[in-house]
Amino acid sequence: MKFRLTAKPTMLTPIDQVPCNGRSSVVEPNRRLLLKLGAASFLAPSLPGKLLHAQSGPQSCSPPIPPNHAPANGGSCPYPIPWLDKNGNHNQSPMPNVELSNIYHFTGKLARANGFHGTGTDNHGNRFAWGTPTTDYSYMAGEYWAGRQSRQGVFTHT
Amino acid sequence: MPSSGIVFSADGKTAMLQMTDVPIIDQPRWPAMDAATTPAFMDFKLLFTATDEPVKYEDPAHQYRFEGFKASAQLEAAIRVASIDFTFKTDPLESSKSDFAVMGSEVNGKYYEAARS
């Protein structure tokens with residue numbers, strides 16, 4: 001299962017080329033590279049994986065339809081943060097004194113960071129600077145409550 | 001993500017995330033409502049390292065509490081957009097940095113009050 005979080009594109013900027021009119025071929029990589037380093041890979045727990053170099057994969061956490069009139073307790077999807085969810089967001093930019101979690105009813109380890117920046121190279125040998133003030137990454141690892149039971153999960157927001 | 005994708009040091013002061021072939025999207029016209037998307041893939045390695053400076057963010061009205069330390073965070077990544085034959089690889093992990101990072105523990109929602117007692 002994959003959750004889309006607040007969309008914040010990562011801007012890649014040429015290091016050694018200065019855009020002049022916003023439409024030149026020099027600028028095109030910028031637009032193309034609004035590739036969201038994170039396009040939101042907030043990935044559900046319990047996916048089969050290998051030690052490190054783990055691969056992500058789809059998994060449904062939607063509530064199942066109970067057979068034979070059995071109780072419906074909901075699915076395993078984590079609860080969103082209520083006051084963010086009502087505005088259509090699942091998280092907010094990490095900074096002091098804000099709710100850093102992406103999940104409501106959570107207890108566990110959490111780390112968040114933003115304002116990443118660095119440099120890199122494309123497949124044509126062009127050097128670019130990457131990152132914006134809102135390029136953020138995080139992990140959450142611990143217990144959350146969903147479907148009327150405690151569950152364990154590890155999540156990342158990229 | 002699989003739990004094997006994250007490794008903590010014995011003292012808990014560093015955490016390394018590493019994943020490959022994470023499906024993402026290339027969306028050059030974001031945030032336009034009709035912005036087209038193109039499938040892409042990403043590998044990344046993310047390192048958090050805690051400092052000794054403690055932080056605590058708590059809001060009883062919103063039922064959350066984070067306790068931890070200021071940290072540094074570094075990222076190394078590779079991106080592939082096959083449909084336009086484009087790849088991008090960042091320089092090694094050590095060459096990147098972030099403006100803000102914290103790592104620690106969080107309780108919220110139904111766990112908030114229980115963790116206080």
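Biologist: What makes strand E5 (residues 106–114) of chain A and E6(B) a pair in this predicted model?

Modeller: Two strands count as paired once DSSP finds at least two bridges between them, and E5 of chain A and E6(B) are joined over 8 bridges, in the antiparallel sense, so the term applies. Within this pairing A:Lys109 stands opposite B:Ser105 in E6(B).

Biologist: How do you know which residues of chain B belong to the side that touches chain A, and how many are they?

Modeller: A residue is included if its C-beta atom, placed from the backbone, lies within 7 Å of one in the other chain; the contact then takes 60 residues from chain B and 63 residues from chain A. Among the elements that give two or more residues to this side of chain B are strand E3 (38–59), strand E4 (64–81) and helix H1 (110–116), while E2(B) provides the largest share, 11 residues. By kind, the residues of this side of chain B divide into 36 nonpolar, 16 polar and 8 charged.

Biologist: Why is the set that includes A:Tyr139 and B:Phe48 called a nonpolar core?

Modeller: The name requires buried residues of the listed nonpolar kinds, joined through C-beta atoms within 7 Å; the largest such set has 46 residues, and A:Ala111, A:Tyr139, B:Phe48, B:Ala71 and B:Ala73 have the most contacts inside it. E5, strand E8 (137–146) and strand E9 (149–157) of chain A each supply at least two residues, as do E2, E3, E4, E6 and H1 of chain B, with E4(B) giving the most, 8 residues.

Biologist: Which residues of chain A does B:Phe48 touch?

Modeller: B:Phe48 touches A:Ala111 and A:Ala113, and its contacts in chain B include B:Ala71, B:Ala73 and B:Met103.

Note on methods. Residues numbered from 1 in each chain as written. Chains lettered and ligands numbered in written order. Predicted model: local features only at pLDDT ≥ 70, side-chain atom pairs only at ≥ 80, totals over all residues. Contact = placed C-beta atoms within 7 Å. Helix = DSSP H or I, 4+ residues; strand = E, 2+ residues; numbered from the N terminus. Nonpolar A, V, L, I, M, F, W, Y, C, P; charged D, E, K, R; others polar. Buried ≥ 20, exposed ≤ 12 C-beta atoms within 10 Å, placed from the backbone. Lists of a residue's contacts leave out its neighbours within four places in sequence.
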